[in-house]
Amino acid sequence: MAEAISIRDIGNYVGQTVTVRGWIYDRTDRGKLQFIQVRDGGGVVQVVAYGPDLPPETFEQVGRLRQESSVIVTGVVKENPKAKKSIPEGYEIGLQTLEVLQIAGDYPITPKEHGVEFLMDNRHLWLRSSRQWAIIRIRATIIHAMRNFMDDEGYLLVDTPILTPTAGENTTALFEIDYHGEPAYLAQTGQLYNEANMMAFGKVYCFGPTFRAEKSKTRRHLQEFWMMEPEAAFLSLEEMMAFEERMVGYVVRQVLEKHQGELAIIERDLSKLEAITAPFARISYDEAIERLQKKWAELPEGEEKDNLKITWSEDFGSPHETAIAEMFDKPVFVYHYPSAIKAFYMQPVDGRPEVCRSVDLLAPEGYGEITGGSERIWDPELMEERVETMGIGREAYAWYLDLRKFGSVPHAGFGIGIERTVAWICGLPHVRETIPYARMLSRKYP
Ligand code: 4AD
Ligand code: MG
């Protein structure tokens, strides 16, 4: 009696008759021999149909299979080092019986080159392609590794709401919705709620989708992205950097350990990932500005130079982040940004309130910011002042101000963007391939 197996386990079945259920990835015809690649979502196996061994109807049926037709095949598993297209490599099935569930219509995505807009329009199908398949599998491992790390470090997963009454980060990038006749907003961050949860549980994290109606059309910006946000009582900025460094190192090692096959499909330079070990460099915003200005001075006149111009007090744009990140072959921390360009809740530096206890982690190879965080203001008066200056009305933030009244403590936290982390680890030029269905300024289909 044949057994339905997962292709990824095929190595356990050499010499046995098995059944595989899935889709036709490819077919080649060599006269009396036909090869079909069958994928089941977890792997791919070469299935060999040898004419003389099969009933003629079966052999003809194989010849009619088109890309993405759905099938159930049964046959004997063999080792074959030449079965290079199989995942895992080196196995094939000698076809005995074939059941066709559906002959697929003309599949729009063929081995020829397609433009990226066409592929994004067909994202619901594009996900089946090996490159996209590899990226999304690595994404899953990155998320899993981050959560594992947090759990092992004693952080408790506490979910934060997505429908919120006020801005969490800044007021300009809010998606407003109608909440039974009143405005509500899609969460840009879980942070403010994390702070309340941190006071209840000590060390917490949230993980979920966040929304930013940003008018940015860069290769780093999505309207909907996923973020993991840890928050801990009594955590200092320096301790947080050490924590981030360990977490990022762990995540990269997990990907290297579990995804050699996927990394090969996307042709990632492994040496770049193997180099990601603690410690990462730490430079102040002041030093970053100096380095940028030095680089600017050395550049010949032109667009690159114009884009890199920056003075102290300005926020980094993509070109600045890219330039700093390129100066290091590991991620680099940039800390103590000007308070004026950061969120209202960031703790000022003692004796130098124009800068704050904030830190961003910039990924190498020009990827730029992947995490952002800070120590939080814990003094009730100062926090009240900051909330006032936002001009939203303190009633809305009454609950947040409460946190500074009832046993306020120094604390810190950060957010790590999943898509930017996936883009960097996979070496992708754009975040649109890092998420199953990208939401961008000019795209919400499919
Ligand atoms: O630096 P951000 O805005 O930080 C916060 O939201 C804090 N409240 C987090 C915290 O302290 N709990 O965002 C954090 C990270 C960025 O470093 C980036 O990786 C990602 O979220 N991110 C985006 N990713 C894709 N598209 C966008 N539009 C993003 N905006 C931020
Ligand atoms: Mg940021």
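Student: How many disulfides does the count come to?
Tutor: The count comes to zero disulfides, a disulfide being a pair of cysteine sulfur atoms within 2.5 Å. This is a predicted model, in which local features need pLDDT of at least 70, side-chain atom pairs count only at pLDDT 80 or more, and totals for chains, interfaces and linings use all residues; side-chain values use heavy atoms, without hydrogens and water. Residues are numbered from 1 along each chain as its sequence is written, and chains are lettered from A and ligands numbered from 1 in the order in which they are written.

Student: Is Cys206 buried or exposed?
Tutor: Cys206 is buried, at 2% relative accessible area. Buried is under 20%, exposed is over 50%, and partly exposed is in between (1.4 Å probe, protein chains only). Cys356 is buried too, at 0%.

Student: OK, overall layout. How many helices and strands does the chain have?
Tutor: There are 14 helices and 19 strands in the chain. These are DSSP runs numbered from the N terminus, with helices as H or I of at least four residues and strands as E of at least two. The C-alpha atoms fill a box of roughly 85 × 55 × 40 Å along the principal axes. Of the 446 residues, 51% count as buried.

Student: What share of the contacts comes from residues 24 or more positions apart?
Tutor: Such pairs make up 68% of the contacts with a separation of 6 or more. Contact means heavy atoms within 4.5 Å.

Student: And which domains is the chain divided into?
Tutor: Domain 1 covers 3–102 and domain 2 covers 123–433; the bounds come from an automatic or database domain assignment. Their C-alpha centres lie 45 Å apart. The contact between them takes eight residues from domain 1 and six residues from domain 2.

Student: Which residues lie nearest its centre?
Tutor: Of the 43 lining residues of the largest pocket, Glu169, Arg212, Glu214, Glu369 and Arg420 lie nearest the centre. Two or more lining residues come from each of strand E12 (224–233), helix H11 (318–326), strand E18 (368–375), strand E19 (411–417) and helix H14 (418–426). The lining divides into 16 nonpolar, 14 polar and 13 charged residues. Ala, Val, Leu, Ile, Met, Phe, Trp, Tyr, Cys and Pro count as nonpolar, Asp, Glu, Lys and Arg as charged, and the others, Gly among them, as polar.

Student: What about the second largest pocket, what is its volume?
Tutor: The second largest pocket comes to about 810 Å³. Tyr25, Thr110, Pro111, Ser129 and Ser130 are the closest to its centre among the 32 residues that line it. Strand E2 (17–30), helix H2 (116–121) and helix H4 (130–152) give two or more residues each, and E2 gives the most, with four. By class, the lining of this pocket has 11 nonpolar, nine polar and 12 charged residues.

Student: Which domains does that lining draw at least three residues from?
Tutor: Both domain 1 and domain 2 supply at least three residues to the lining of the second largest pocket.

Student: Back to E18. Where is Gly373 found?
Tutor: Gly373 sits in strand E18 and is buried at 4% relative accessibility. Beyond its neighbours within four places in sequence, Gly373 is in contact with Met240, Met346, Ser358, Val359, Asp360, Gly413 and Phe414.

Student: What is phi of Glu267 near?
Tutor: Phi of Glu267 is near 55°, a positive value in a residue other than glycine. Glu267 is in the loop between helix H7 (260–265) and H8, and is exposed at 69%. Glu365 also has phi near 55°, in the loop between strand E17 (358–363) and E18, but Glu365 is partly exposed, at 33%.

Definitions and conventions:
On a 1 Å grid over the protein atoms alone, a cavity is a set of points where a 1.4 Å probe fits but cannot get out, and a pocket is an open set with protein on both sides within 12 Å along at least five of seven lines; lining residues have an atom within 4 Å of a point. Grid points are joined across faces, edges and corners, and a volume is the space filled by probe spheres set on the points.
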